[in-house]
Amino acid sequence: MLHARRVVTRHQINRLLWSGEGDASNSLNVHIRRLRRRLGDNLRKPSIIVSVRGMGYRLDPP
């Protein structure tokens, strides 16, 4: 929440959570989808955890 509205790249997330491993896997996609579901975000058109094409993800708190 301290860094809301800033784009975090997939590489940064992988490096912080899995020590850089898993770049080719879809585990990050699965975790993001689960977070969206638990936050009550619309899975078809998310507005809380937003995918930024070619960059990564951005948190837009309601």
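Predicted model: local features only at pLDDT ≥ 70, side-chain atom pairs only at ≥ 80, totals over all residues.

One definition before we start: helices (H or I, at least four residues) and strands (E, at least two) are DSSP runs, numbered from the N terminus.

**Exercise 1. Work out the order of helices and strands, and say how compact the chain is.**

Step 1: The chain has two helices and three strands.

Step 2: Reading along the sequence gives β-α-α-β-β.

Step 3: check the overall packing. The radius of gyration is 11 Å, close to the 11 Å that the globule rule gives for 62 residues, so the chain is as compact as a globular protein of that length.

Step 4: Along the principal axes, the C-alpha atoms fill a box of roughly 30 × 20 × 20 Å. Of the 62 residues, 23% count as buried.

**Exercise 2. Find out how β3 pairs with β1 and with β2.**

Step 1: begin with β2, residues 49–52. This strand pairs with β3 in the antiparallel sense, over four bridges.

Step 2: Ile 49 sits opposite Leu 59, while Val 52 faces Gly 56.

Step 3: look at the connection. β2 and β3 make a hairpin with three residues between them, and Gly 54 in the turn has a positive phi of about 80 degrees.

Step 4: now bring in β1, residues 7–9. Three bridges join β1 to β3, and the two run antiparallel. Here Val 7 is the residue opposite Arg 58.

**Exercise 3. Track down the salt bridge and decide how accessible each partner is.**

Step 1: count. By the rule used here there is one salt bridge.

Step 2: name the partners. The side chains of Arg 58 and Asp 60 meet at 3.1 Å, N to O; the cut-off is 4 Å, so this pair qualifies.

Step 3: compare with the accessibility cut-offs, where buried means under 20% relative accessible area and exposed over 50%. Arg 58 has 26%, so this residue is partly exposed. Asp 60 has 17%, so this one is buried.

**Exercise 4. Describe the largest pocket and say which elements line it.**

Step 1: size. The volume of the largest pocket is about 300 Å³.

Step 2: lining. There are 14 lining residues, and Ile 13, Ile 32, Leu 35, Ile 49 and Tyr 57 lie nearest the centre.

Step 3: sort by element. α1 (10–18), α2 (27–39) and β3 (56–59) each supply at least two lining residues. The largest share, four residues, comes from α2.

Step 4: sort by class. The lining holds 10 nonpolar, two polar and two charged residues.

Technical notes: Residues numbered from 1 in each chain as written. Heavy atoms only, no water. 1 Å grid on protein atoms, 1.4 Å probe; cavity = no way out; pocket = protein on both sides within 12 Å on 5 of 7 lines; lining within 4 Å. Points joined across faces, edges and corners; volume = space filled by probe spheres on them. Nonpolar A, V, L, I, M, F, W, Y, C, P; charged D, E, K, R; others polar. Buried < 20%, exposed > 50% of the residue type's maximum accessible area, 1.4 Å probe, protein only. Pairing = 2+ DSSP bridges. Rg over C-alpha atoms; globule rule 2.2 N^0.38 Å.
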